[in-house]
Amino acid sequence: MQQLGQEASKYITRNADKIREDIIQCQLKVQPDLMERYRDLGYEYFRRDIIYHLKFLSSALTYLSKGLFGSYIEWVKGLLVDLNVPMEDIVVNFQCFRRVFESKAPGPLRDVLVEFMDSGLSLLDVDAIEIPSFIEGDFPLSELATQYLDSLLHGNSQSANQLIQDAVKKGTDIRDIYLQVLENVQLEIGRLWHANQLTVAQEHYCTDLTRRIMDSLHSYIKPSKRLDRTLIASCVKGELHELGIRMVSDFFELSGWNTFFTGANTPTPDLIQAIKQQNADLLAISVTIPWYIIEAEKLITEIRNTKEIKDIRIIVGGRAFKLDPQLWKRIGADGFAPDAKSALEIAEG
Ligand code: B12
């Protein structure tokens, strides 16, 4: 069955352009006014989005994970509705995916593709669940998180920075600032962007400031003991979300580990070379966008086939693995943790 999913995934990747044209033809038959309603730019986005949907579907099929595809459908539905795309257009679009697969996909792949589309379509019927705010929760630093976000959204970098520096000087643990303030505020920024309440420029501004504040906090990392253990922390090839794995790396450093943080978009051969050179004990890999899970799997396979480093312990994490909690096992990792604190716990436990 897993092999069928992988073949269906390859079929989509190889034929994406043709499948897209068939889906568009199907949708134009049902909604002939679509091109006129969307105008040039809207129509371009509509065409582009079909490729995005196919990429997410393809990565979910690789791991036969309806959970991964379902979470994408819920996410994309919320995104498009908030951008004022009529629900009917979204439903017809995904119905056309189903129709095209049913009529054109080769025999054995057809069933699995139709099954995945049916599971996705069933979620379009359900009312969108409103994602609650990440900073209004009942946690000790929620007020600081609210003030910090407020400063960011007003473009007041000095006040944002001052809030964090004051909290550290008052003795607040950097780890609490990372997880309760910086992580939650990043997730809140993502939520606001998804709800069309924040622009990409604002997100970039906030993320960059948070990254710079993390840089400034680095000077406070003074572990009470030094361990003779080395962590390599990295994102896979293509993956640009690096704040989370940076937090993981800093947590290990605070606990006395030597850390070698390579950050975003690290090419596999270079990472393998780094593992050898650093004589690392542990590799932490981060994936946020599901279509890069395959890169993590390829990396792990290559490490297991490389004599000098084949026994290194590998843990994975990041948003993609949280969407389907069983996924880490299927790609051959040794462990998974949902946040930086538990990453350290599984490594040292
Ligand atoms: C900032 C951001 C970006 C920045 C990243 C910059 C940077 N330097 O990191 C940029 C602008 C590059 C970006 C790009 C994109 N993004 Co973006 N981005 C975000 C945002 C708003 C915040 C991410 C973040 O900083 N999180 C905070 C960190 C601390 O959390 P974390 O990564 O989960 O890490 C914690 C744990 O997961 C864990 N962990 C992390 N790694 C590891 C590893 C191990 C081993 C372990 C054990 C634990 C662990 O520990 C961390 C700390 O506790 C999210 C929103 C969200 N909900 O995630 C969207 C989001 C992830 N992005 C999204 C999208 C769609 C994209 C783009 C595809 C957009 C586009 N059309 O181009 C691109 C893809 C780029 C790419 N190739 O990777 C979507 C993904 C939707 C989906 N269905 O998958 C999100 C969810 C936005 C949204 N709400 O819709 N993005």
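Q: What domains does the shell around the ligand draw at least three residues from?
A: In this predicted model, domain 2 (142–220) and domain 3 (230–348) each give at least three residues to that shell, and the domain bounds come from an automatic or database domain assignment. Residues are numbered from 1 along each chain as its sequence is written. In the predicted model, local features need pLDDT of at least 70 and side-chain atom pairs count only at pLDDT 80 or more, while totals for chains, interfaces and linings use all residues.

Q: What makes a residue near the ligand, and how many residues surround it?
A: A residue is near a molecule if its C-beta atom, placed from the backbone, lies within 6 Å of it; 39 residues surround the ligand, and the closest are G190, G244, S286, G317 and D339.

Q: Which element gives the largest share of the shell around the ligand?
A: The largest share, nine residues, comes from α8, where helices (H or I, at least four residues) and strands (E, at least two) are DSSP runs numbered from the N terminus. Among the elements that each supply at least two residues of the shell are α8 (174–194), α10 (243–254) and β4 (313–317).

Q: How do the residues of the shell around the ligand divide?
A: They divide into 20 nonpolar, twelve polar and seven charged, where Asp, Glu, Lys and Arg count as charged, Ala, Val, Leu, Ile, Met, Phe, Trp, Tyr, Cys and Pro as nonpolar, and the others, Gly among them, as polar.

Q: What makes β4 and β5 a pair?
A: Two strands pair if DSSP finds at least two bridges between them; β4 and β5 are joined in the parallel sense over two bridges, so they meet that requirement. The bridge partner of V316 in β5 is F336.

Q: Which strands are called edge strands in the open sheet?
A: The five strands of the open sheet follow the order β2-β1-β3-β4-β5, with parallel pairing, and the edge strands are β2 (258–263) and β5 (335–336), each of which pairs on one side only.

Q: How do you know whether the span of helix α7 agrees with its number of residues?
A: The expected span is 1.5 Å times one less than the number of residues, so the 13 residues of α7 (residues 157–169) should span 18 Å, and its end C-alpha atoms are 18 Å apart, which agrees. Just after α7, G171 takes a positive phi of about 100°.

Q: How many residues of domain 1 are in contact with domain 3?
A: Two residues are in contact if their C-beta atoms, placed from the backbone, lie within 7 Å, and ten residues of domain 1 are in contact with eight residues of domain 3. On that side of domain 1, α2 gives the most, with five residues.
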